[in-house]
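Hello,

Here is the structure I promised to pass on. Please open it first, then read my notes below.

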Amino acid sequence: MSQSYNRGLIEDFSRWREFEAGMWAWIFHKFTGWVLIGYLFTHIAVLSTGIPAAGASEAAIMAGEDVYTQTIVSLESLLLVRLLEVGLLAVAVFHMLNGTRLLLVDLGVGLESQNKSFYASLILTGAITVASVPTFIAGAF
Amino acid sequence: MAERYSSFESGGRMWLFQRVTAAFLLVVLAFHFFLLHFVHHADEVSFLASSARMEQISYYSLMILFLVTATFHGVNGVYNALVNQGLTGTKRTVIKWTLVAASAVLVVQGVRTANAWAGIGLY
Amino acid sequence: MSTQIPKQTEESSETDAETDVASRGDERRTEKRRRAAEEQARRQAEEAEKAAADDDTIELKVFRYDPEVEGKQDPRFDTFHVPFTKGMTVLDALMYSRDNYDSSLTFRHSCRQAVCGSDAMFVNGGQKLACKTQIVELEEPIRVEPLPHAEVRKDLVVDMEHFYDQMEAVEPYFQTNEYPDGELEEQRQTRENREKVKMSTRCIWCGACMSSCNIAAGDNEYLGPAAINKAYRFAMDEREGEDIKQKRLEIIEQEHGVWRCQTQFSCTEVCPKDIPLTEHIQELKREAVKNNLKFW
Amino acid sequence: MHEHDVIVVGAGGAGLRAAIAAQEAGADVAIVSKLHPVRSHTGAAEGGINAALRDADSWQDHAYDTMKGSDYLGDAPAVEALCQESPEEVIQLEHWGMPFSREEDGRVSQRPFGGLSFPRTTYAGAETGHQMLHTMYEQVVKRGVTVYDEWHVMDLAVTDEDDPADRTCHGVVAYDIQSGEVSGFRADNGVILATGGMGQVFDHTTNAVANTGDGVAMAYRAGVPMEDMEFIQFHPTTLPSTGVLISEGVRGEGGILYNENGERFMFEHGYANNDGELASRDVVSRAELTEVNEGRGIEDEYVHLDMRHLGEERILDRLENILHLAEDFEGADGLTEPMPVKPGQHYAMGGIETNEHGETVIGGLYAAGECACASVHGANRLGGNALPELIVFGKRAGRHAAGEDMGEAKVTTGKDGEWEPADYEFGVEVGETGGRGPAAADGGAVATDPEGVLGAAVERAKDRVDALLSRKGRNHAEIRSKVQQTMTANVNVFREEERLEETLGDLREAREAYKDVAVSDPSRTFNTDLIHTMETRNILDIAEALTMGALAREEFRGAHWRKEHQERKDENWLKHTLVSWNDGEPDLWYKPAIIEGENKTYEPKSRSY
Ligand SMILES: Cc1cc2nc3c(=O)[nH]c(=O)nc-3n(C[C@H](O)[C@H](O)[C@H](O)COP(=O)(O)OP(=O)(O)OC[C@H]3O[C@@H](n4cnc5c(N)ncnc54)[C@H](O)[C@@H]3O)c2cc1C
Ligand code: HEM
Ligand code: SF4
Ligand code: F3S
Ligand code: FES
């Protein structure tokens, strides 16, 4: 048998340009899923400061001077963290909306309009994200 | 001829759990976001407020369930994604158990935190 | 159950190739290869000139590769200028290029009417059936490549063995435990049921769907949309009966079966026969879950 | 070398059915095909399969219709076998799961078809052939029959005897398209040819690019006569650029044909004052070509088939697939513009001479399907009669080859029964140019033991491939296209003596040119240039025999129209034309058609509907 040529990366050359809705949805869902699980780990790590905080004095807790409250407050005062939170919201909202789309697809509902529902997820994600910016940024300055 | 063995018997089950947890998360995550960013603002979070919420048994159990389902959903999702990209053999077994371990750590740590807030002595 | 060429033919052809090395024929062939390459270069130059003079031509960039021929071992793109005629398809343009410019241009084709499934290829970044793709619908220059995620044998020809293996792995043949009595009695089937399997029976084994699926690209053992669709065709046929359906569900539920599908929908998008592949796969998943719930 | 009891060449409907039958009869079978089975052109058939399934119908009626349709050139024993066995074969397909269209009560649907006295055309939507092909391939997969796909069969291995009737076929020689290997396939019991149509002899055809009549040419060179080659069916509505078939349904629904001047020529030029567009296939084809020849064609090539007046709703409802075909293959929108159409070659009634068991005159060599001539279609094939031919004669050939006793055949082969020589003088020399090989049969070998015969055939094939690959010369494409053009210009629906002679001259030139043919692609991997070059040789042989038959047959029967001879001449011409490759020289002869059936004689009547 003649050896045959493996095109490696060439295979995917120019493929993305023809990606249709379903493919983008798949990629975005993957991405957002990974971000979310990543966040879940960090989130729990940050919240764990609540464990040492529980050992603090009553007064400190009442005054909000425990490790936990301090950590959160100082994090929340950083603009970067606020922006990241907006990003997280966008990611979560997209994952939820597209996740709903996927659940419907699994139930065999709306397979015909799967591209439309993807675009709808995108637009809604955008809208919700923009609408929530004031709430998220409030008090950061 | 493609092999037709099945070491993945529970494929259908895992698939179903992924969907069921997704449906559950859909509701709880929305609630979570709403409560902690819109009703209460994130920058107003304090140990006091958190523990006040956690002391309610219903909220506590919801959050534990939230943690467990999210962990399962997220980790199983990652595992599936890797398997779908062609992860096989020893590598796959190693990653599988690593993920299980990570999940365990996550859940334990999460429960401990919740306990701390709720004033349950176990942390 | 194998309908493939037994492996030994591969070996014997190898030895053939070896004994050939010393032969005179081979020397002549080497010489000819060199000449062919020169000839090719000359023709291309001529052709480009001609094309420049004529503006009603289309520009085709075609992937070329041949493991045996010098100058083609490293893949490259050749440009062909083909005079446009109304109704011209990508396949027509390729045939014109082959018959008029370079007779070594290689691609599979036969029916020219989208029923034999020979000529699925990668045209301007999408899986298309060349004979069913009108030139006017494409942006120029038209880039023609072999199907992605398959091994290239030569030019636009890819190895289809893997695809065939997957198709044949799902017991793709009708099975039933009871036939009607009476010599000339057919099995009854309702119109609704025939309607249900109708689309799934239209598959022409072109492999476009398999090539477009990222999961199939990553997991070589994934049955792929076409094979699952084939399984669907039988699982949903009421003539087969319940216990056979049970068996079919087990087949599609295997590790590399339906659960692999991530509803990318690209298979459905590219299928030249408009088979709702994703829908069929999803339906099988639900059938499988329903079935499993009975046992869990 | 490979060895099996039965080797089936070709994996279309006929080949697959033959393989299944032989396997069921206990033989070790292998299929050798230049295309993967599901790529075979059987998949293109749309209309349906004729079978007398219902109580109100009978196989006798089907046989009567078929004899009449054949213009009495069918052989009654073969026609009766076809009609008797078609029902059980169709039910067999149903039992194998073929998704036929269904009636309310769940039984398979049947529809009316041209020339049939009962609606007995069983169908699966507009894709009957596709469903049939895939259903049978599924059975082949199930049975684990060995399939050597993408192996191009080059030649037969037959013993070297002077009389073809004494020759025996021991196998075939094939070229592996993937690797370039030439290998022998020994058949202990028999070789079944099922290589399908030969549409590529013409420029414009509904047939696939792979339909080059290889089996017919191979058998011919080995000594089997070609029968009734002059009878070619042309379809009046095919798309000009690809030859894709636009079904008769469009005209059935009321589609109208117009010429360049917008005249409804079927009426305005008096081709068919009663039926107009709905006249029979050959009449409409001739009318269209007359328009074009007289300068009223569009772009001097085609006419328009207009269905816009039917209204969008009706078109979408009944003719939706036609819209897709015109759009995909011609870039024409049937809703807003007329569709271009012209006549195209569609089906070859003639082929390898066989009896009703599929046996040829050479021992151990069988043929079935479109490449064979049993003969059931005679001078004209009825729509829906080719698919049943595949399954009925495929099965018969398969069983016989596997050694089943099927009784004495009533149809004779070779110069066994009654026959007469033709004393037609061709103005041009025909047959092989240049020298001859050592063996009497081309493809034969001087050796007499099976191994030796096959070995010699393999050696010769290897030499031929080596020669084609290493020498310098002409490209075959030029020659092929010349042959196709002259055939379409002169041997199509209109046949005049002078132009037929002219074509023989052109073919002679093409044969001369072919002597210098060479393959410019030096590769051993998937060398389609080489395959096409070998096919062109087959096209040449077939074109020649076809034209000879068309010249010699001085009458108008079925699809064969002669300008100088405008009537059917039953006294002289109730006989088959045969052309044998006699030591490189075509030998033209006749044998009587058999109109006596089992219980009745099919007396020729005028063929009017
Ligand atoms: C568009 C169209 C519509 C039709 N509609 C109908 C209809 O409605 N009803 C009806 O009854 N008939 C119909 N017919 C006719 C009928 O479909 C054909 O006559 C029939 O399918 C031929 O089948 P086959 O098995 O003989 O050959 P094919 O299906 O053509 O198969 C030939 C096989 O031989 C193989 N082969 C050829 N040469 C070689 C070689 N050198 N070496 C190895 N293998 C080789 C090929 O690979 C292929 O597998 C239609 C035909 C066409 C073109
Ligand atoms: C809020 C509601 C949510 C919904 C409706 C949802 C829905 C889904 C669905 C249906 C899938 C399966 C995709 C497939 O297998 O084809 C999925 C995958 C995934 N989800 Fe969620 N999800 C939600 C929340 C979350 C959360 C909170 C996390 C993080 C912990 C998360 C992480 C993931 C990951 C990592 C994947 C795998 C992504 C991949 O395929 O690579 N999801 N989600
Ligand atoms: S399902 Fe569609 S794309 Fe896939 S092989 Fe069949 S016809 Fe081709
Ligand atoms: S592209 Fe692949 S992931 Fe599923 S929907 Fe189609 S099989
Ligand atoms: S040539 Fe047959 S599908 Fe395109």
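**Around ligand 3**

By class, the residues in the shell around ligand 3 are 12 nonpolar, 1 polar and no charged. The shell counts 13 residues. The closest include Cys203(C), Cys206(C), Cys209(C) and Cys271(C). Gly207(C) is also among the closest. Please keep in mind that this is a predicted model.

**The iron of ligand 2**

Which residues coordinate the iron atom of ligand 2? They are His95(A) and His73(B), each through its NE2 atom, at 2.0 Å. His95(A) sits in helix α5 of chain A, residues 79–106, and His73(B) in helix α3 of chain B, residues 57–84, so the pair joins two chains. Both histidines, His95(A) and His73(B), are buried.

For six octahedral donors, the ideal angles are 90 or 180 degrees.

**Salt bridges**

How many salt bridges does a search of the whole structure find? The count over all chains is 76. A few are worth a look.

Start in chain D. The side chains of Glu85(D) and Arg396(D) form a salt bridge, 2.6 Å from N to O. This pair links distant parts of the chain. Glu85(D) belongs to helix α3, residues 76–95, and Arg396(D) to helix α11, residues 386–401. The two residues are 311 residues apart. Both Glu85(D) and Arg396(D) are buried.

Next, Arg296(D) pairs with Glu294(D). Their closest N and O atoms are 3.0 Å apart. Is Arg296(D) buried or exposed? Its relative accessibility is 15%, so Arg296(D) counts as buried.

Chain D also holds a network joined by salt bridges that share partners. Its members are Asp71(D), Asp228(D), Glu230(D), Arg553(D), Glu555(D), Arg557(D), Arg568(D) and Asp570(D).

Now chain C. Asp159(C) and Arg153(C) meet through their side chains in a salt bridge, at 2.8 Å from N to O. Arg153(C) has 9% relative accessibility, so this arginine counts as buried.

**A UniProt feature in chain C**

One item comes from a record. An unreviewed UniProt entry places the feature "domain: Succinate dehydogenase/fumarate reductase N-terminal" at residues 60–164 of chain C. Over residues 60–164, the chain is 14% helix and 29% strand. The end C-alpha atoms of this stretch are 30 Å apart.

Best wishes

Key
Residues numbered from 1 in each chain as written. Chains lettered and ligands numbered in written order. Predicted model: local features only at pLDDT ≥ 70, side-chain atom pairs only at ≥ 80, totals over all residues. Heavy atoms only, no water. Donors = N, O, S within 2.8 Å, 3.2 Å for Na, K, Ca; no water. Helix = DSSP H or I, 4+ residues; strand = E, 2+ residues; numbered from the N terminus. Buried < 20%, exposed > 50% of the residue type's maximum accessible area, 1.4 Å probe, protein only. Near = heavy atom within 4 Å. Nonpolar A, V, L, I, M, F, W, Y, C, P; charged D, E, K, R; others polar. Salt bridge = Lys/Arg side-chain N within 4 Å of Asp/Glu carboxyl O. UniProt positions renumbered as here; feature names shortened; annotations may be inferred.
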